[in-house]
Amino acid sequence: MKHHRGIELVRDHRQIDPEEGIGHIRFRDLAEWEIIGARCGKCGYSNWLDRWKLANKYGADAPIADLRPHLRCGKCGNRDGNGLRLGAINRNA
Ligand SMILES: [Zn+2]
């Protein structure tokens, strides 16, 4: 799996869940070094989101699942079945 330099996936039970597994997590629950990724359900394209900007937009108490209906693939434009995942900023990079 390719991802941006300096970012690695969180290796715990919250790492990936295309449906509700991480959707209940609120922006305020995220650690400083955790970031939110989105993955296209159609073509597999994935991207990292600006969680701080999104927290401002949706509110710190909003569950990150609130993003799901708004996700749009940057490659194919798909809006259906897109998943969320968490990543960690690698501070040693
Ligand atoms: Zn796509």
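Student: Hi! Where is the place of asparagine 78?

Tutor: Hi! In this predicted model, asparagine 78 sits in the loop that runs between helix H1 (51–58) and strand E5 (83–89).

Student: Is asparagine 78 buried or exposed there?

Tutor: Asparagine 78 is buried, because its relative accessible area is 11%, and buried means under 20%.

Student: Okay, and which residues is asparagine 78 in contact with, leaving aside its neighbours within four places in sequence?

Tutor: With those neighbours set aside, asparagine 78 touches Cys40, Gly41, Lys42, Leu71, Arg72 and Cys73. Its side chain also has a polar atom 2.8 Å from the backbone oxygen of aspartate 80.

Student: What about contacts between residues at least 6 apart in sequence: what share join residues at least 24 apart?

Tutor: For those contacts, the share that joins residues at least 24 apart is 69%.

Student: Now the helix. Which residues in H1 are buried?

Tutor: Arg51, Leu54 and Ala55 are buried in H1. These residues span an arc of only 105° around the axis, so they are on the same side of H1.

Student: Why would residues three or four places apart point the same way?

Tutor: An α-helix has 3.6 residues a turn, so residues with that spacing point the same way.

Student: Nice. What do the buried residues of H1 pack against?

Tutor: Their packing partner is strand E3 (34–39). On the other side of H1 you will find Lys53, Asn56 and Lys57, which are exposed.

Student: What caps the N-terminal end of H1?

Tutor: That is aspartate 50, with a side-chain oxygen 3.2 Å from the backbone nitrogen of tryptophan 52.

Student: And what follows H1?

Tutor: Glycine 59 comes after H1, and its phi is positive, near 100°.

Student: Back to tryptophan 52. Where does it lie?

Tutor: Tryptophan 52 belongs to helix H1. It is partly exposed, since its relative accessible area is 40%. Together with Trp33 and Ile89, Trp52 makes a nonpolar surface patch of about 280 Å².

Student: Switching topic: how many salt bridges are in the whole structure?

Tutor: A search of the whole structure turns up two salt bridges. One of them joins the side chains of arginine 26 and aspartate 29, at 3.1 Å from N to O. Arginine 26 is partly exposed at 34% relative accessible area, and aspartate 29 is partly exposed too, at 36%.

Student: Which residue forms a salt bridge with aspartate 61?

Tutor: The partner of aspartate 61 is arginine 28, and their closest N and O atoms are 2.5 Å apart. Aspartate 61 is in the loop between H1 and E5, while arginine 28 is in the loop between strand E2 (16–17) and E3, so this pair ties together parts 33 residues apart in sequence.

Student: Are those two, aspartate 61 and arginine 28, exposed or partly exposed?

Tutor: One of each! Aspartate 61 counts as partly exposed at 48% relative accessibility, whereas arginine 28 is exposed at 51%. The cut-off for exposed is over 50%.

Student: What about arginine 85: buried or exposed?

Tutor: Arginine 85 counts as buried, because its relative accessibility is 2%. This arginine 85 lies in strand E5, and its side chain makes a polar contact of 3.2 Å with the side chain of serine 46.

Student: Last one: where is arginine 91?

Tutor: Arginine 91 is in the segment after E5, and it is exposed, with a relative accessible area of 67%. Its C-alpha atom is 8.2 Å from that of tryptophan 33, although arginine 91 and tryptophan 33 are 58 residues apart along the chain.

Definitions and conventions: Residues are numbered from 1 along each chain as its sequence is written. This is a predicted model: local features need pLDDT of at least 70, side-chain atom pairs count only at pLDDT 80 or more; totals for chains, interfaces and linings use all residues. Side-chain values use heavy atoms; hydrogens and water are left out. Helices (H or I, at least four residues) and strands (E, at least two) are DSSP runs, numbered from the N terminus. Buried means under 20% relative accessible area, exposed over 50%, partly exposed in between (1.4 Å probe, protein chains only). A polar contact is a pair of N or O atoms within 3.5 Å; within protein, one must be able to donate a hydrogen and the other to accept it, and residues adjacent in sequence count only if both atoms are side-chain atoms. Contact means heavy atoms within 4.5 Å. Patches are made of residues with over 30% relative accessible area and no salt bridge: like charges are joined within 9 Å, nonpolar side chains (Val, Leu, Ile, Met, Phe, Trp, Tyr) within 5 Å. Accessible areas come from the Shrake-Rupley method with a 1.4 Å probe; for residues, only the protein chains shown count as cover. A salt bridge is a side-chain nitrogen of Lys or Arg within 4 Å of a carboxyl oxygen of Asp or Glu. The arc is that of the directions from the helix axis to the C-beta atoms.
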